Amino acid sequence: MKLFTAYITAKRCFYLLILLLLLIILSGVFNFFSAHLILIFHILLLITVLVLFVISSANDKKKSEPLRYKEVKAHLQSYPEDNETGFTTIADQIPFMVWRSDEDGRCIYVNRKWVEFTGVSYQESLGFGFIKTMAIQENHHRRQEWWKMIKGHQPYEIKFQIRSASGELHWALAQANAYHIDHVFMGYIGSIIDITEQENSTIAIQELSDRKDEFLSIASHELKTPLTSIKALFQLIERNLSPDHKVYHFLERANNNILRLETLISDLLDVSKINAGKLNYEHTEFAFQEMMAEAILSMQNIAPNHHFIVKRSDAVKFTGDRFRLEQVIFNFLSNAIKYSPEGKEIIISSEVTNGNIIVSVQDFGIGIQKENLSKIFNRYYRVDNTVMKFDGLGLGLFISSEIIKRHNGSFWIESELGKGSTFYFILPLTDRRIHAEVNTDEFSYYQDETINLQFNAQKNRMDVNWTGYQNFISVQNGCLIMLDLVKKCQAVKVLNDNSKVMGNWSEASDWVSAECLPALAEAGVKYIAWIYSPSIFSQLAADKSADLVLSNITVQFFNDQTSAALWLDTADQ
């Protein structure tokens, strides 16, 4: 009996048994027929059995396949109390709007909160009736996004305006996920939340910010003209006085304050231009070391009590806006002077490494707390304990960061409270990374001056060691090489060691999050042990890269290689 309870196997065995019996009978009993007739009969019988076998297999396959949409729907409708009543009971108690669609995007359910909020009845909302509640200008965009999501069964999220029962327009956020039954796409289940208060606050803040920028732009232009006249008059008076005159000293102090005021007005104008996207850059080729020397000499005249030590100054030609980059150097040096009133030495270095210029300015002043480092380049940001002691609007580093970004560079800070700070920035000399030497077998290992990859076959692990200064190009190239070797070696674990990384590669963090990590997951990587760099900015970039949550890849951060390797060894146990 068991033979015939396995439906597919039983059918096939049954037909085969009949075929064998008939062949035996025809060979022994009906041998008085002619040989040609017996052969024809055998062929017809064989064809008949094969046809029955194919039909049986097709029926078996059809019965073994998952239920299609209509069959699943009919199956669900046969149990209305088990499937619909429980869902609607829960959905009606939820304090925000809940809806459900079929596989074609038509609404098949809205909860009680929807009816109360929109004033549209349950029946009127079904199908595409819910569209009448939405602002006209939102309909086309919403439909395009909706059909795009339905086609790919992707998660759905959109912000739009919806009309309430009182006729007022509210901002709403709709989110939905596709749902399946027996692997069959049935439609979407989603929610709609009223975000009017949050959206109005955001709009109000943006309007205030725009008005503030407009005011600062106008005020800066209006202040610049009379200040120029005042400066010219003071210079005329200064020329007609001897250095021994008692008024001369006051004029000197007045000129210093005018210079400070000029700097503040210039910063305000630059911020206004940055916000409007109108900060112009004039790119020319110039000797970078000469620009550095002139900036240091000018600052030495302004701050004669500080000693500027040029530790290194590599000769190199650079193509960029000389005036704007000199402005960055001035900002770095002026910050070093301002925040190290007791520290007399300021160390400057400019070196060329791996096709990049790396500039650093080190002071021995008050330093910056670790939690404030990531905010230091924000517009108008001032560290709390410096606001009352030091002047300025907190614009210099914000402007500098924008200038460096426009030159495809980045910068960062290393600091310790009470011991001083070192400000860095890096500028690429070329669009491509320059390799001093590459060593690879194109399968299990690769090494150049920025990355070292080695496949550990025993532990099915790719060991990746990053070295030196990194930027977008070096990170992107290194990740692509790593991805290639991971695919070839079929590694499921990656030991990603950043302990020797220098600098700030945050401009590549979004690419790592959106492209590299998903590609590694698709290639079969399940676990990544990420060892932090000692640089706080590199740590922030690593955290940002791993913000993307992947269901099939796990990223864990460590401060040492031993802990990271131990975690990988036990990750799949």
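This is a predicted model: local features need pLDDT of at least 70, side-chain atom pairs count only at pLDDT 80 or more; totals for chains, interfaces and linings use all residues.
Student: Let's begin with α16. How many residues does helix α16 have, and what should they span?

Tutor: Helix α16 covers residues 509–522, which is 14 residues. At 1.5 Å a residue they should span 20 Å, and the end C-alpha atoms are 19 Å apart, so the two values agree.

Student: Where does the kink in α16 lie?

Tutor: Look at C516: a kink of about 30 degrees lies there, shortly before the proline P518.

Student: How do I read which way the side chains of a helix point?

Tutor: The general idea is that an α-helix has 3.6 residues a turn, so residues three or four places apart point the same way. In α16, the buried residues are S509, W511, V512, S513, C516, L517, A519, L520 and A521.

Student: Which elements do the buried residues of α16 pack against?

Tutor: They pack against α15 (472–489), β18 (527–531) and α17 (536–545).

Student: Now the cores. Which residues touch the most other members in the largest nonpolar core?

Tutor: In general, nonpolar side chains tend to be buried together in soluble globular proteins. Here the largest nonpolar core has 47 residues, and F288, L325, L333 and F425 touch the most other members. Helix α12 (residues 322–338) gives the largest share of this core, 7 residues. Another core, of 34 residues, lies apart from it, with Y446, V475, L483 and C489 among its members.

Student: What is F288 in contact with?

Tutor: Leaving aside neighbours within four places in sequence, F288 is in contact with V316, F318, L325, S350, I357, V359, F425 and L427.

Student: On to sheets. What is the strand order in the open sheet of 5 strands?

Tutor: Strands of a sheet pair through backbone hydrogen bonds, either parallel or antiparallel. This open sheet runs β2-β1-β5-β4-β3, with antiparallel pairing. Its edge strands, β2 (107–110) and β3 (156–163), each pair on one side only. Ignoring direction, neighbouring strands are turned by 25 degrees against each other on average. Between β1 (residues 97–101) and β2 there are 3 bridges, and W99 has V110 in β2 as its bridge partner.

Student: In what sense do β16 and β17 pair, parallel or antiparallel?

Tutor: Parallel: β16 (residues 461–469) and β17 pair over 8 bridges, with V464 opposite N496 in β17.

Student: And why is β17 called largely enclosed?

Tutor: Because 7 of its 10 residues (493–502) are buried, strand β17 is largely enclosed by the rest of the structure.

Key. Residues are numbered from 1 along each chain as its sequence is written. Side-chain values use heavy atoms; hydrogens and water are left out. Helices (H or I, at least four residues) and strands (E, at least two) are DSSP runs, numbered from the N terminus. The expected span of a helix is 1.5 Å times one less than its number of residues. The bend at a residue is the angle between axes fitted to the seven residues ending there and the seven starting there. Buried means under 20% relative accessible area, exposed over 50%, partly exposed in between (1.4 Å probe, protein chains only). Contact means heavy atoms within 4.5 Å. A nonpolar core is a set of buried Ala, Val, Leu, Ile, Met, Phe, Trp, Tyr and Cys residues joined through side-chain atoms within 4.5 Å. Two strands pair if DSSP finds at least two bridges between them. Axes are lines fitted to C-alpha atoms, for helices over the stretch in contact, and angles run from 0 to 180 degrees between N-to-C directions.
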